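User: I would like a close look at one loop, then its surroundings and the rest of the fold. Please keep it connected and brisk.

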Amino acid sequence: MSFLKHEEILSRCEKINQSYEVDPRFFDNIVDDLLDSEQDTETVILQGFQKLLTEVDHEIERMETFTSMKPNCFMGCSFCCYFPIVITKMEAKMLFRSIDHFSEDRKKAIYEQWDAYYEKYKDKLSHALAMDYEDPETKLAYKKLDLPCPMLNPETQLCMAYEVRPIPCRTYLNYSDPQVCAENDMPKEPFSYEFLYTFYFTNINELIQALYENGEDVFIDYPMDAWKYDYLPAWIKQWREGLLDEV
Ligand code: SF4
């Protein structure tokens, strides 16, 4: 099997910068359709959350068609699940509500995994969660801790909430030899489409704002929760301790 070299990836991605335009209507239409629907508020929010996340995947696929690239990421390769994942409190609440709608078996597996995880990684977590996520040095220091994401199934190495996994998990893709992720804490080859966060976030924010202004019960402290960021393991910890609404 032949893999793209780093220089080739950079040159194809440069094509995106130079001549690809994201069509915002793909994202806007999701919000418009949901606001016009007759569904209850919680369904509208959770569908909006999942659909906008999925639209980021679709947008990446459109760009991959444009650049003729295919990712070499495969199921069970989880090296990127050791990077810090930082999300807003609003996203954390939507993630937890989405998990709440999973089947009983799936929820039980996640909650048991969290029980084991917070016990096993107590020391590493106290170190990791004290790191400043805005410091550019943190990403490497966190990765070196070898601390997996709490959503990662330790047996299968698969994400336990794959359909609602956060944006950083979707936008980091490797078009080169997968071995580069195994051999380096910070491989240079993978490409990040993190600029797509804006399209997703603007629209989820717009959806919640419209519902909030309509006086609907949005289960989110809006707009405060939209601007509080922290590590995913920190939000899960607070949620498990019943402190999510107190910080
Ligand atoms: S949320 Fe899922 S995909 Fe993202 S880092 Fe955690 S286990 Fe990996």
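Where is the place of E155?

Analyst: E155 has its place in the loop between α7 and α8. Helices here are DSSP runs of H or I with at least four residues, strands are runs of E with at least two, and both are numbered from the N terminus.

First, the ground rules. The model is predicted: local features need pLDDT of at least 70, side-chain atom pairs count only at pLDDT 80 or more, and totals for chains, interfaces and linings use all residues. Residues are numbered from 1 along each chain as its sequence is written, and side-chain values use heavy atoms, with hydrogens and water left out.

Now the loop itself. E155 is exposed, at 75% relative accessibility. The scale is simple: buried is under 20% relative accessible area, exposed is over 50%, and partly exposed is in between, using a 1.4 Å probe and protein chains only. From E155 to I16, the C-alpha atoms are 37 Å apart. Along the chain, these two residues are separated by 139 residues.

Q157 is also found in the loop between α7 and α8 (167-170). Its backbone deserves a check. Phi of Q157 is positive, near 60°, and Q157 is not a glycine. With a relative accessible area of 23%, Q157 counts as partly exposed.

Next, the helix before this loop. K144 forms a salt bridge with D185, with 3.3 Å between the closest N and O atoms. A salt bridge here is a side-chain nitrogen of Lys or Arg within 4 Å of a carboxyl oxygen of Asp or Glu. K144 belongs to helix α7 (residues 138-144) and D185 to the loop between α9 (179-183) and β3 (191-192), so the pair ties together parts that are 41 residues apart in sequence. K144 is exposed at 54% relative accessibility. D185 is partly exposed, at 32%.

The whole structure holds 17 salt bridges. Among them is the pair of D23 and R25, at 2.8 Å from N to O. D23 is partly exposed at 22% relative accessibility, whereas R25 is exposed at 55%. Another of them links K107 and D100, at 3.9 Å from N to O. There, D100 is partly exposed, with a relative accessible area of 42%. K107 counts as buried, at 11%.

On to the ligand. Its shell consists of C81, I85, C149, M151, L152, C159, R165, P166 and C169. The shell divides into 8 nonpolar residues, no polar ones and 1 charged. In this count Ala, Val, Leu, Ile, Met, Phe, Trp, Tyr, Cys and Pro are nonpolar, Asp, Glu, Lys and Arg are charged, and the others, Gly among them, are polar.

The ligand sits in the largest pocket. To sit there, more than half of a molecule's atoms must lie within 2 Å of the grid points. A pocket is an open set of points on a 1 Å grid over the protein atoms alone, with protein on both sides within 12 Å along at least five of seven lines.

S68 follows α3 and has a phi near 55°. S68 lies in the loop between α3 and β1 (86-88). At 55% relative accessibility, S68 is exposed. Helix α3 itself covers residues 41-67, and its 27 residues should span 39 Å at 1.5 Å a residue; its end C-alpha atoms are 39 Å apart, which agrees. The expected span is 1.5 Å times one less than the number of residues.

From Y222 to P223 it is cis, with omega near 5°. P223 is placed in the loop between α10 (197-213) and β4 (229-231).

Helix α10 also contains T202. T202 is partly exposed, at 41% relative accessible area. Although 174 residues separate T202 and D28 in sequence, their C-alpha atoms are 9.4 Å apart. K120 and E216 are 96 residues apart in sequence, with 40 Å between their C-alpha atoms. K120 is found in helix α5 (residues 104-120) and is exposed, with a relative accessible area of 64%.

Notes:
Near = heavy atom within 4 Å. 1 Å grid on protein atoms, 1.4 Å probe; cavity = no way out; pocket = protein on both sides within 12 Å on 5 of 7 lines; lining within 4 Å.
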